[in-house]
Amino acid sequence: LSKTSLSGLDRKNCSVCWELLTEPLRLGCGHGFCPACISDSREARGCPVCGQRLPSIVEHPREVGMSPEDGWKEDLCRKHGKKLLLLCREDREVFCLCCEKTQEHRDHHLCLIRDAAKECQEMLQAALRRLQKEQQKAEELEADIREQRTSCKMQTERQRIRSEFNQLRCILDCEERRELQKLEEEERKTLDNLAAAEAELVQQTWLLKDLISDLECRREWPTQELLQDTSGTMKWGEIWTLRKPKLVSKKLRRVFRAPDLGAMLQAQRGEEARADITLDPFNLNLNLVLSEDQRQVISVPIWPVKCYNYGVLGSQYFSSGKHYWEVDVSKKTAWVLGVYCRARSCTAELALGRGAEHQNAHAIYRPQCGYWVIGLKNAFKYKAFEDASTCDLNVLTLSGAVPPLRVGVFLDCEAGTVSFFNVTNYGSLIYRFSKCSFSQNVYPYFNPWNCPAPMTLCPPSS
């Protein structure tokens, strides 16, 4: 048995006499005693409390392995030396059955240590399982991120972007070549006109020089010979006047305007949806004449009958998809074109074109009656025909820098739009009808009006 002075256990009591320990000694079993009680019990050769056999207390003082802290068993109460069996949930302290009788833990929730330990182990296992699942999720997310980093090359999208811009460059290059070709043509014509004017002026100059030379020679003639001259040179010299050649304007007849790239691209996409449209020869009015290939319509007067219905539908109709066609109106001073979808609520108005007065014939051209159209009137007035809040027709005046000699019509059934493009001006947008409601099949619509010039459907290959 070894003797050690413990400053941290001065307030502990001896397990035999319960006196305050001043020089505490503790056996290997964990019980502490004062030196006097150990001396009285040395013949027992064992712990006075638990009876654990120990080496000789006197002869082998160091074999007991006394330690003021390390030798104390953790499962024994330091105060009573009893086994720790209970846990206070409020204070999170463990104690023996003797401590339960004190006032310190009265009205507290107590439970057996083994039950609390089991519960704690279960909580640890649950927390461990949850964290392991979170770890698995983290590993899966990490693997997904690595896979995304590997596959996030966006090669397909990169190729699509390059293809789109290459297409735009091709369109711009084509437009540039066309514009330069037009400019070269205009330059060639201008130079030819200037050359012709110069040649004409040179010819007049030579003639003028000859006339001046003749008159100067006649100044030397005798008077009688001069008076008897009947060649007409004198008269010609009196009336001859320089004929000025046709002057060429220094200004260009056409000034280049940069095209609307967005409209041009949309028109190009419309080109990809080109439809081969022909005119329907059935139910054709007597005042309309179709060409043999059914791509051209001309209005002719039938005297003395007055007709105000010049409309003709296309032979093809559409209920889905995107479709595009072009109409040549370069020689016309009046026309209407677009699409038509039969509207049940406007049956009465459809007869308006056959018997109504000319000035009211445009009244049927509204989406409510199934018409999504634009038109030209009196050679310069371009119109779009929209619905109005009242029963009156809402006619919108359209403006553009370049008159459309060739009009492109783009029908998108899914988007519910009808767009009109000025093909003459790089495919710039003329007008677009949005939120169109097509309840039935949609037909291309053409009206050459009372202008005798032809209205021609352009072939898809043109």
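This is a predicted model: local features need pLDDT of at least 70, side-chain atom pairs count only at pLDDT 80 or more; totals for chains, interfaces and linings use all residues.
Buried here means under 20% relative accessible area, with exposed set at over 50% and partly exposed in between (1.4 Å probe, protein chains only). Residues are numbered from 1 along each chain as its sequence is written, and side-chain values use heavy atoms, with hydrogens and water left out.

**The chain as a whole**

- You're looking at nine helices and 18 strands; helices (H or I, at least four residues) and strands (E, at least two) are DSSP runs, numbered from the N terminus.
- Of the 462 residues in the chain, 33% are buried.
- Take contacts (heavy atoms within 4.5 Å) between residues at least 6 apart in sequence: 57% of them join residues at least 24 apart.
- The chain exposes about 30300 Å², and carbon and sulfur atoms supply 52% of that; accessible areas come from the Shrake-Rupley method with a 1.4 Å probe, and for residues only the protein chains shown count as cover.

- The average pLDDT (the predictor's confidence in each residue, from 0 to 100) is 77 for the chain, and 74% of the residues score at least 70.

**Strand β17 and its partners**

- Five of the six residues of β17 are buried, so the strand is largely enclosed by the rest of the structure.
- β17 pairs (DSSP finds at least two bridges between the two strands) with strand β8 (residues 312–313) in the antiparallel sense, over two bridges.
- Val-312 has Phe-446 of β17 as its bridge partner.
- Strand β10 (residues 335–341) also pairs with β17 in the antiparallel sense, over six bridges, and here Gly-338 stands opposite Tyr-445.

**Strand β9 and its partners**

- β9 and strand β14 (residues 406–412) run antiparallel, joined by seven bridges.
- β9 also pairs with strand β18 (residues 455–457), antiparallel over two bridges.
- Asp-328 turns up in both pairings: its bridge partner in β14 is Arg-406, and in β18 Asp-328 stands opposite Thr-456.

- Leu-207 is found in helix α4 (residues 155–218) and is partly exposed, at 39% relative accessible area.
- Together with Trp-236 and Ile-239, Leu-207 makes a nonpolar surface patch of about 290 Å².
- Arg-218 is also in helix α4, but counts as buried at 11% relative accessibility.
- Leaving aside neighbours within four places in sequence, Arg-218 is in contact with Leu-226, Asp-229, Ser-231 and Thr-233.
- For the record, patches are made of residues with over 30% relative accessible area and no salt bridge, joining like charges within 9 Å and nonpolar side chains (Val, Leu, Ile, Met, Phe, Trp, Tyr) within 5 Å; a salt bridge is a side-chain nitrogen of Lys or Arg within 4 Å of a carboxyl oxygen of Asp or Glu.

**A loop residue**

- Leu-27 lies in the loop between β1 (25–26) and β2 (32–33) and is buried, with a relative accessible area of 3%.
- Leu-27 and Gln-52 are 25 residues apart in sequence and 9.5 Å apart in space, C-alpha to C-alpha.
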